[in-house]
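Hi,

Here is the structure I promised to pass on. Have a look at it first, and then read on for what turned up.

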Amino acid sequence: MKLALGRVRVVREAGNLYTVGARIAPFSVAVLAVALLGYGMARGDIASAYADPVSKIRAQDESVYANSALRMATEGGWLTPTFLGRLLLYKPPLLIWLSAFSVKCFGASLSALRAPALVAAAAATTLLFLWACGSRSPGAGWTCVLLLLANPMWYTFARLCYTDMLFAAGVAAALFTLHLDPSLARVRSRCVFAVCSAAGFLAKSVAGFIPLAIWLLFGVLRRGEPRPSLARVVQVCIPVLLLVAPWHVYQIAVHPQWFWADYVQVQLLGFGLQPPAQSTAEPQLWFYVKRVSIIDPILICFAVLAVPAFWRDLRQRKSANALLLAVWLVVVATALLTFRYRNLPYALNLVPPLALLGASYSPGGWWRILPLCAALAAKTVFAGAVCGLPIKATEPIPSAAPLRAYAHRGRPNELIIVSPDDEFYSSTLHLSRLRYAFIDPNRLVIRYAPHFAYLGITVTVEQFLRFDDLRGKFLERLRAWGVQSSEPLATSILAKSAEEIVRLADARPQSDFFLPSDLFGALSTNTLATHEVVFTPNGRIFLLARQSRAETAR
């Protein structure tokens, strides 16, 4: 009897230890993810990180989102985000809302702006850990965590004010719910799946269909299980529609022309089907395969080693997990190849299923943890490599420091940045008036957003020099499109040649300029007489008007 009671006590204590461990492990993963992904998050300037380290393309969109979030937090307008005074309706504003709310709570800082992406990354890492643990083993769970934390894309986009991590986390959460309840039989499962799918819509527009497409294809391909009924599909889609529709309906009702131009014509039809330009001439498939392989060869190796066991499990249909992973990979890959604009951040959505695949099906057990820890350490040491983790501040944008110093002077003059190389970092600074001038003989800038030329947001040098005559017409068009302010007018100026830039500087004696130093020799004596020339270390010059706008007004 005593022996039996002793055994019961031992089993109970072991069970209690297991329960405590099961509760502590996810918390430990979340803390570890926040610590590693968030370390030094505020060191790099806005937009200084490389969104595509292979092509050395910086995260320009962060400047746009940061400008909009800061403005929303300080001036309001929570339903309609703006950038440089114009409406910003390319995507729904979930990221901007969250970043603006974070700034409201914690103050204007890089950490506050980037906090939503960090929280999303930590939450997704924890869910994927639980997924791998539940489907395989704790060793597989920790392998998945290390594969994620050692992935440069996962690391980078967890530290940026970017929509991609929010979307990736939303998809991971929706599919984790599907992993737990493959038929979405429980009401709670359907509600959670719907909320996560709606978050995807509000972060990345029509890409939010990806979780729904995965669920439907997964349900159709499962053997021995009933396909999703029409009633269940409606039960999932109605909550998604109720969460997604209000913002879209509001914009269609209040800003119909702008919504159609930004959201549909530019983002979906333009970049989706016929992009105005591409960063590279590489074929669509090779673009993503090359970059994902170069950026994280370790993840690819684990995924390749997992293929035999994964394929065997998929053919034998031993569990729904293999089929769900296969469908996830197929749907995301199809979306990447269908959306014609090539952009590496989109490939972030391949990282979670590849990490789960490598962790769940690659050979070995706990022994994988040690080499992965060594790889993680090596990636932090060689942070400057393409496959390294940029744990230190990335290489700064050359023009960021001079522009920051200029902003600290608090000059009242407008600043015209010629051939900007700052990734729009200047839009996040406190400047009196900001315009960008592009030497663009082929009018490529207009092809990115044709409606900007109609509204007077993008103008030629000829139009800008006689803008007093055109202002009324453009203001009338802006008001018809729901914008009452003149702030967006002429924020982009297009020049056919360097000679037109010289002419522009000559005609604006009260404006400041920031331009490439190779234009200095072409400046007229009149311009040099009305402006002070300041050379900067990055090969550009400021032309500072000797007479301020305030002095002119007096």
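Before the numbers, one term: a pocket here is an open set of grid points where a 1.4 Å probe fits, with protein on both sides within 12 Å along at least five of seven lines. Please also keep in mind that this is a predicted model.

**The second largest pocket**

Let me start with the second largest pocket, which holds about 770 Å³ of space. It is lined by 26 residues, and those closest to its centre are Asn67, Ser427, Thr428, Leu429 and His430. Which of them gives the most? That would be α2, with 5 residues. If you sort the lining of this pocket by class, you get 12 nonpolar, 9 polar and 5 charged residues.

**The cavity**

Rolling a probe the size of a water molecule over the atoms shows where empty space is left. How many cavities of 30 Å³ or more does a search of the whole structure find? The answer is 1. The space in the largest cavity comes to about 140 Å³. Its lining has 16 residues, with Met41, Ala49, Arg114, Arg159 and Thr394 closest to the centre. By class, that lining splits into 6 nonpolar, 5 polar and 5 charged residues.

**The chain as a whole**

Stepping back, the chain is built from 24 helices and 11 strands. Its radius of gyration is 27 Å, close to the 24 Å that the globule rule gives for 554 residues, so the chain is as compact as a globular protein of that length. The C-alpha trace spans about 105 × 50 × 45 Å along its principal axes.

Of the 554 residues, 53% are buried. The accessible surface of the chain is about 24,400 Å², and carbon and sulfur atoms account for 64% of that. As for how the chain folds back on itself, take the contacts between residues at least 6 apart in sequence: 71% of these join residues at least 24 apart.

**Some buried residues on helices**

- Gln251 sits in helix α10 (residues 230–254). Is it buried or exposed? Gln251 counts as buried because its relative accessibility is 0%, and the cut-off for buried is under 20%. Leaving out residues up to four places away in sequence, Gln251 touches Leu79, Thr80, Leu89, Pro256 and Phe259.
- Ile214 belongs to helix α9 (residues 209–221) and is buried too, with a relative accessible area of 0%. Beyond its neighbours within four places in sequence, Ile214 is in contact with Leu175, Leu324, Val327, Trp328 and Val331.
- Phe302 is part of helix α13 (residues 297–316). At 14% relative accessibility, Phe302 counts as buried. Not counting residues up to four places away in sequence, Phe302 touches Thr143, Leu147, Gly358, Ser362, Arg368 and Leu372. Phe302 and Pro363 are 61 residues apart in sequence, and their C-alpha atoms are 8.8 Å apart in space.

**Loops to look at**

The loop between α21 (467–480) and β8 (492–495) holds Ala490, and Gln484 is in the loop between α21 and β8 as well. Ala490 is buried, with a relative accessible area of 0%, whereas Gln484 counts as exposed at 55% relative accessibility. The backbone at Ala490 is also worth a glance: its phi is near 55°, a positive value in a residue other than glycine. Gln484 and Gly85 are 399 residues apart along the chain, yet 9.8 Å separates their C-alpha atoms.

A positive phi also turns up at Lys56, about 60° although Lys56 is not a glycine. You will find Lys56 in the loop between β1 (50–52) and β2 (57–58).

Cheers

Technical notes: Residues are numbered from 1 along each chain as its sequence is written. This is a predicted model: local features need pLDDT of at least 70, side-chain atom pairs count only at pLDDT 80 or more; totals for chains, interfaces and linings use all residues. Side-chain values use heavy atoms; hydrogens and water are left out. On a 1 Å grid over the protein atoms alone, a cavity is a set of points where a 1.4 Å probe fits but cannot get out, and a pocket is an open set with protein on both sides within 12 Å along at least five of seven lines; lining residues have an atom within 4 Å of a point. Grid points are joined across faces, edges and corners, and a volume is the space filled by probe spheres set on the points. Helices (H or I, at least four residues) and strands (E, at least two) are DSSP runs, numbered from the N terminus. Ala, Val, Leu, Ile, Met, Phe, Trp, Tyr, Cys and Pro count as nonpolar, Asp, Glu, Lys and Arg as charged, and the others, Gly among them, as polar. The radius of gyration is taken over C-alpha atoms; the globule rule is 2.2 Å times the number of residues to the power 0.38. Buried means under 20% relative accessible area, exposed over 50%, partly exposed in between (1.4 Å probe, protein chains only). Contact means heavy atoms within 4.5 Å. Accessible areas come from the Shrake-Rupley method with a 1.4 Å probe; for residues, only the protein chains shown count as cover.
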